[in-house]
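Work through the exercises below with the sequence and the model side by side, and try each task before reading its solution.

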Amino acid sequence: MATAYAAPGAGANGSQSKSAMNNKTMFAPGFTINVNANKTNNGAAANGFGGDGRGSAEALLPDPDFSSPARVREYCNSLRAAAVSLSIQVAMGAEIMKGVLAAVPDPEGRPFGSRTRAAKVARKMSRSADALRDAAKNAAACYSAFQQEYEEEINRVRHRARRPQQPAINWAEQ
């Protein structure tokens, strides 16, 4: 059985009386404050370390084991992918920061002063995003340079690793 809930001061149709509306005070600050709670994963602390004890940045990349061309490629691709992802996130963070800080009024009341101050601060984060994008480019270029510099060794091993061809049966010849 469902029961109906009526708020205090609400009439039969759910409307509030004028006296109940007048007793409320409204407060709206000039800027927004966002609070994010750090989540823990598998009992790990919220200090950036995962359950395996490695830092969250270390968890993005495999171990630096360069014992084969495949491992070099894996490391460079992982670095590139992580840097691209972080670059996008940091660029978005810079735009959000610029928007939030632009809403803070300028203490001296200058026209566009709040936007100018916000742009100065967010510009540093935008440069960080650009640096991460450049890191992604350099990771891809690293593997390309590896292939060019060690082409002879890679081809020597690649050629040796191929299976010898089996003689094909020519069914037309009878």
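**Overall fold**

The protein chain holds four helices and zero strands, where helices (H or I, at least four residues) and strands (E, at least two) are DSSP runs numbered from the N terminus. This is a predicted model, in which local features need pLDDT of at least 70 and side-chain atom pairs count only at pLDDT 80 or more, while totals for chains, interfaces and linings use all residues. Residues are numbered from 1 along each chain as its sequence is written, and side-chain values use heavy atoms, with hydrogens and water left out.

**Exercise 1.** Describe the course of helix H3 (residues 113-149).

*Solution.* Begin with the span: the 37 residues of H3 reach 53 Å from first C-alpha to last, close to the 54 Å expected at 1.5 Å a residue, the expectation being 1.5 Å times one less than the number of residues.

**Exercise 2.** Is Ser87 buried or exposed, and which residues does Ser87 touch?

*Solution.* Ser87, which lies in helix H2 (residues 69-102), counts as buried because its relative accessibility is 9% (buried is under 20%, exposed over 50%, partly exposed in between, with a 1.4 Å probe and protein chains only). Leaving aside residues up to four places away in sequence, Ser87 touches Ala129, Leu132 and Arg133, contact meaning heavy atoms within 4.5 Å.
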